[in-house]
Amino acid sequence: MVGDRDSDILGGHSNALAGIGVTYGFGSLAELQAAKSEQIIASPTELPAAVLALN
């Protein structure tokens with residue numbers, strides 16, 4: 001699950017999905033860390049590498 005708020009990450013975790021938090025949305029870095037995002041990225045260009053790193 002890719003999201004910018006804790007509810008996105010927690011929703012993914014509830015469905016057995018890893019969470020990639022993005023700091024270029026509405027949520028804060030602290031919020032994404034508290035939700036235990038597996039990856040946190042700061043730019044859309046980082047997304048492909050973050051997805052590959054989950055494997």
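**Entry 1: a pair of strands.** I started at Val2, which stands opposite Ile20 in β2. I kept in mind that this is a predicted model. From there I looked up how β1 and β2 are joined: I found two bridges, with the strands running parallel.

**Entry 2: the whole sheet.** Next I wanted to know which order the strands take in the sheet. The order is β1-β2-β3, in an open sheet of three strands with parallel pairing. I then noted the edges: these are β1 (2-3) and β3, each of which pairs on one side only. So much for the strands; I moved on to the loops.

**Entry 3: Ala16.** I checked the backbone here and found phi near 60°, a positive value in a residue that is not glycine. Where does Ala16 lie? I placed Ala16 in the loop between α1 (6-14) and β2 (20-22). Buried or exposed, I asked of Ala16? Its relative accessible area is 74%, so I wrote Ala16 down as exposed, the cut-off for that being over 50%.

**Entry 4: Lys36.** I came across another positive phi at Lys36, near 65°, and this residue is also something other than glycine. I traced Lys36 to the loop between α2 (29-34) and β3 (39-41). Because the relative accessible area of Lys36 is 62%, I listed this residue as exposed.

Methods. Residues numbered from 1 in each chain as written. Predicted model: local features only at pLDDT ≥ 70, side-chain atom pairs only at ≥ 80, totals over all residues. Heavy atoms only, no water. Helix = DSSP H or I, 4+ residues; strand = E, 2+ residues; numbered from the N terminus. Buried < 20%, exposed > 50% of the residue type's maximum accessible area, 1.4 Å probe, protein only. Pairing = 2+ DSSP bridges.
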